[in-house]
Amino acid sequence: MFRRWHHSHDHPEPGVENEAKVNELKAAIGPLTGHTLQFCTDACLKRYLEARNWNIDKAKNMLEETLKWRSTYKPEEIRWHEVTVEGETGKVYRANFHDRHGRTVLVLRPGKQNTSSHDNQLRHLVYLIENAILNLPEDQEQMVWLIDFTGWSLSNSVPIKTARETANVLQNHYPERLAVAFLYNPPRIFETFWKIVKYFLDPKTSEKVKFVYPKKDESAELMRHHFDTDMLPTALGGRDNSQYDHDEFSKLMTLDDAKAVGVWKLDDNVHNNKLGPLKNGYSLVEGEAKASVPPAS
């Protein structure tokens, strides 16, 4: 029912030939306007080509499906106040630290699941994927996922439908955006769930998944290699004792929502309403959120 795609051996030489492929894909897609034009940068086209092993036709089909999805789902227009209920327990949040390569880190804590709506859960995750991309340093294109299994069990795990759709969105609409996903201390019973989820992943994505067990020396070394343990939460083997604060995180997301309006050049007359009420001393001034109190760090 669900089949994996396989890579061909159509590898171009780096450099000039890669650029030629990008230009060929650009010509195949045709003229673009608005958000579609803004989305389809050369870097974006390269990610789709890489995901489809530099096959023009496959990359074109993949990108066209994403453009259709974005035109209806409108991920860049989701605002924090629309998904804030999903974030109350901190089941997914953008970390206040980067990995050693400077990449944005999303922390996922499936044991903190607090809702049952498939659509809202996915919308919340898409919002945070977009937010992670929004906050990537200029020299980075990929994010890192840290998945903390504290409190996870089959009884509070997401339904297979949600897991399948999450895999679909990540692989097909955000190709080459995930650098690596660390599954920290998953219980033995997770192996059953993983066998099902892995079936939905293409080989390239599944290779990015790393299982981390705190009692194993090689796992501890893997985490030290990728992260400054002084910044890493204690639940993930680090030394930082701070806890997720929903109010402070909401302030940060309010600022980022205003930043997104400027980045995507959204119509202020339409999208000021999407921002929702700006609380805690925040106001929208010339497309940026200004705070009368310092934002959360």
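The model is a predicted one. Of the chain's 297 residues, 47% count as buried. Its secondary structure comes to 12 helices and seven strands. Among contacts between residues at least 6 apart in sequence, 76% join residues at least 24 apart.

Five strands make up an open sheet, in the order β1-β2-β3-β4-β5, with mixed pairing. The edges are held by β1 (92-98) and β5 (209-212); each has a single partner strand, so one side of each is left without a neighbour in the sheet. On average, neighbouring strands of this sheet are turned by 25° against each other, direction ignored. In general, the strands of a sheet pair through backbone hydrogen bonds, either parallel or antiparallel.

The pairing of β1 with β2 is antiparallel and rests on four bridges. In this pair, His98 stands opposite Thr104 of β2. The two strands β1 and β2 form a hairpin with five residues between them. In the turn, Gly102 has a positive phi of about 85°. Although β1 stands at an edge of the sheet, five of its seven residues are buried, so β1 is largely enclosed by the rest of the structure.

On to the next pair: strand β2 (residues 104-108) pairs with strand β3 (residues 143-148) in the parallel sense, over four bridges. Here Leu108 has Ile147 in β3 as its bridge partner.

Notes: Residues are numbered from 1 along each chain as its sequence is written. This is a predicted model: local features need pLDDT of at least 70, side-chain atom pairs count only at pLDDT 80 or more; totals for chains, interfaces and linings use all residues. Side-chain values use heavy atoms; hydrogens and water are left out. Two strands pair if DSSP finds at least two bridges between them. Axes are lines fitted to C-alpha atoms, for helices over the stretch in contact, and angles run from 0 to 180 degrees between N-to-C directions. Buried means under 20% relative accessible area, exposed over 50%, partly exposed in between (1.4 Å probe, protein chains only). Contact means heavy atoms within 4.5 Å.
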